[in-house]
Amino acid sequence: PVVSLQGRSFVSRVCGSFLANLGLNEMIAATIEDYEAIALSLARNPERLTEVRQKLARARRTAPLFDMDRFVRGIEAAYCRMEARAREGEMPAPLGIAEL
């Protein structure tokens with residue numbers, strides 16, 4: 001499991017997003033002190049580490065983050081919508097997969 005420190009960098013936002021998507025919000029630290037506390041807690045408490053690992057394993061089977069078929073359908077739909085916008089003479093615009 002990964003412990004992430006909230007921040008404004010791309011990497012911290014992506015890591016936090018992945019953890020939240022997996023239902024592992026307890027692995028996202030708000031401060032460096034929280035980060036250290038989470039890491040030490042996992043290192044000192046094997047049972048807690050096992051619980052987090054099991055939660056991650058369960059999430060891999062059910063989380064949208066790992067649902068490649070869903071992702072492919074969504075991205076294909078986004079590409080179709082982009083092409084339709086171009087054919088209609090519309091300007092490019094933000095388009096999220098979730099809204100399709």
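## Strand residue S4

Setting aside residues up to four places away in sequence, S4 touches S12, C15, G16, L19, M27, I28, A29 and Y35; contact here means heavy atoms within 4.5 Å. S4 sits in strand β1 (residues 4-5). Strands are DSSP runs of E with at least two residues, helices are runs of H or I with at least four, and both are numbered from the N terminus. S4 counts as buried because its relative accessibility is 4%. The classes are buried under 20% relative accessible area, exposed over 50% and partly exposed in between, with a 1.4 Å probe and protein chains only.

## Basis of the model

This is a predicted model: local features need pLDDT of at least 70, side-chain atom pairs count only at pLDDT 80 or more, and totals for chains, interfaces and linings use all residues. Residues are numbered from 1 along each chain as its sequence is written, and side-chain values use heavy atoms, with hydrogens and water left out.

## Overall form

The protein has four helices and two strands. Along the sequence they follow the pattern β-α-β-α-α-α. The radius of gyration is 18 Å, well over the 13 Å that the globule rule gives for 100 residues, so the protein is more spread out than a compact globule. That radius is taken over C-alpha atoms, and the rule is 2.2 Å times the number of residues to the power 0.38.

Taken along the principal axes, the C-alpha atoms fill a box of roughly 60 × 30 × 15 Å. Of the 100 residues, 21% are buried. Among contacts with a separation of 6 or more, 45% join residues 24 or more positions apart.

## Around helix α1

C15 lies in helix α1. Eleven residues separate C15 from S4 in sequence, and their C-alpha atoms are 6.4 Å apart. Beyond its neighbours within four places in sequence, C15 is in contact with V2 and S4.

L19 touches V2, S4, L24, N25, M27 and I28, again not counting residues up to four places away in sequence.

## Nonpolar core

The largest nonpolar core has 14 residues. Such a core is a set of buried Ala, Val, Leu, Ile, Met, Phe, Trp, Tyr and Cys residues joined through side-chain atoms within 4.5 Å. L19, L24, M27, I38 and L42 have the most contacts inside this core. At least two of its residues come from each of α1 (10-21), β2 (28-29), α2 and α3. The largest share, three residues, is from α3. In soluble globular proteins, nonpolar side chains tend to be buried together.

## Helices α2 and α3

The axes of helix α2 (residues 32-44) and helix α3 (residues 46-62) come within 5 Å and cross at roughly 105 degrees. Axes are lines fitted to C-alpha atoms, for helices over the stretch in contact, and angles run from 0 to 180 degrees between N-to-C directions.

On the α2 side, I38, S41, L42 and R44 make the contact; on the α3 side, P46, R48, L49 and V52 do. By class, the contact has five nonpolar, one polar and two charged residues. Ala, Val, Leu, Ile, Met, Phe, Trp, Tyr, Cys and Pro count as nonpolar, Asp, Glu, Lys and Arg as charged, and the others, Gly among them, as polar.

P1 lies in the segment before β1. Its relative accessible area is 42%, so P1 is partly exposed. P1 and V52 are 51 residues apart along the chain, with 7.1 Å between their C-alpha atoms. Leaving aside neighbours within four places in sequence, P1 is in contact with M27, L49, V52, R53 and L56.

T31 is in the loop between β2 and α2. T31 counts as partly exposed, at 33% relative accessibility. T31 and L5 are 26 residues apart along the chain, and their C-alpha atoms are separated by 6.7 Å.
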